[in-house]
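The questions below go through parts of one protein model.

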Amino acid sequence: MNPWRVSVVIGSLRRESMSRRIADALVPLAPPAMALQELAIGDLPLYNGDLEPELPAPWRRLRDAVRASDALIFVCPEYNRSIPGAVKNAVDVASKPTGQNCWAGKPALVITQSTGPLGGLAGSYATKQVLAAVNVATLPLPEVYLSRIATLFDGEGRLLPDTQEHLRDVLASFETWCARFIAR
Ligand SMILES: Cc1cc2nc3c(=O)[nH]c(=O)nc-3n(C[C@H](O)[C@H](O)[C@H](O)COP(=O)(O)O)c2cc1C
């Protein structure tokens with residue numbers, strides 16, 4: 001049986017992103033039923049309905065990749081107590097044109113992180129709210145807020161063992177959640 005195609009949205013565009021480091025660390029922690037690959041969002045023109053007739057190539061690529069995904073993982077920082085703009089734009093782009101929402105019915109896991117003590121809790125709720133609007137089923141529990149993110153990596157940039165175990169358990173819960181939505 002082929003593994004599920006799990007697309008990972010990294011909610012920060014900067015090169016040294018902690019979100020990217022977490023997303024990279026998820027790959028070896030995922031159960032065999034899941035094959036993780038990045039869903040790139042950094043090159044998408046801002047959503048503008050006037051562009052639909054010419055369909056920018058990055059929009060087409062994103063829509064095709066979302067349609068081909070069995071499940072989704074969002075690894076995001078919190079920006080001003082909300083969803084990063086690049087992520088919101090990606091959600092908007094693949095939700096259009098009307099009647100062709102590419103996200104509909106897919107299961108998703110939302111992981112937020114921040115340098116502060118709250119782990120991006122408000123950003124997580126904002127992201128889940130937006131995903132609910134496009135009929136994505138986000139894993140309700142466990143919630144994943146990684147606080148004081150810089151302290152969760154060792155000197156060589158590896159996630160600390162406790163956090164690896166935490167995320168391995170989260171991915172196992174996500175596998176159970178996905179099985180409700182993905183036909184085998
Ligand atoms: C525009 C902007 C807004 C931010 N707003 C918040 C915030 O509301 N709450 C918070 O805890 N951190 C906030 N931060 C800090 C980031 O969430 C934090 O630095 C995060 O680890 C960055 O993720 P990255 O390394 O993947 O880019 C903000 C950062 C930026 C750039």
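Q: Which residues of H4 are buried?
A: This is a predicted model, and buried here means under 20% relative accessible area. In H4, the residues that count as buried are Gly123, Ser124, Ala126, Thr127, Lys128, Val130 and Leu131.

Q: What covers the buried residues of H4?
A: The cover comes from both helix and strand elements. It includes helix H3 (85-94), along with strand S3 (71-77), S4, strand S5 (137-138) and strand S6 (144-146).

Q: How many Å apart are the end C-alpha atoms of H4?
A: H4 has 13 residues, and at 1.5 Å a residue they should span 18 Å. The distance in the model agrees with that expectation. The end C-alpha atoms are apart by 19 Å.

Q: Is Leu118 buried or exposed?
A: Leu118 is found in the loop between strand S4 (107-113) and helix H4 (121-133). With Leu121 and Tyr125, Leu118 forms a nonpolar patch on the surface, about 310 Å² of accessible area together. The cut-off for exposed is over 50% relative accessible area. Leu118 is at 54%, so Leu118 counts as exposed.

Q: Why do the buried residues of H5 lie on the same side of the helix, and what arc do they cover?
A: The buried residues of H5 are Thr163, Leu167, Val170, Leu171, Phe174, Trp177 and Cys178. They are on the same side of H5 because the arc they cover around the axis is only 110°.

Q: Which exposed residues does the face of H5 turned away from its buried side carry?
A: H5 runs over residues 161-179 and has 19 residues. Opposite its buried side, the exposed residues are Pro161, Asp162, Asp169 and Thr176.

Q: How far apart are the closest N and O atoms of Asp92 and Lys88?
A: Asp92 and Lys88 both lie in helix H3, four residues apart, about one turn of the helix. Asp92 is partly exposed at 24% relative accessible area, and Lys88 is partly exposed at 31%. They form a salt bridge, and the distance between the closest N and O atoms is 3.0 Å.

Q: Which residues are linked with Arg158 in a network of salt bridges?
A: The side chains of Arg158 and Glu156 meet at 2.9 Å, N to O. The network also takes in another residue. The residues linked with Arg158 are Glu156 and Asp154.

Key: Residues are numbered from 1 along each chain as its sequence is written. This is a predicted model: local features need pLDDT of at least 70, side-chain atom pairs count only at pLDDT 80 or more; totals for chains, interfaces and linings use all residues. Side-chain values use heavy atoms; hydrogens and water are left out. Patches are made of residues with over 30% relative accessible area and no salt bridge: like charges are joined within 9 Å, nonpolar side chains (Val, Leu, Ile, Met, Phe, Trp, Tyr) within 5 Å. Accessible areas come from the Shrake-Rupley method with a 1.4 Å probe; for residues, only the protein chains shown count as cover. A salt bridge is a side-chain nitrogen of Lys or Arg within 4 Å of a carboxyl oxygen of Asp or Glu. Helices (H or I, at least four residues) and strands (E, at least two) are DSSP runs, numbered from the N terminus. Buried means under 20% relative accessible area, exposed over 50%, partly exposed in between (1.4 Å probe, protein chains only). The expected span of a helix is 1.5 Å times one less than its number of residues. Contact means heavy atoms within 4.5 Å. The arc is that of the directions from the helix axis to the C-beta atoms.
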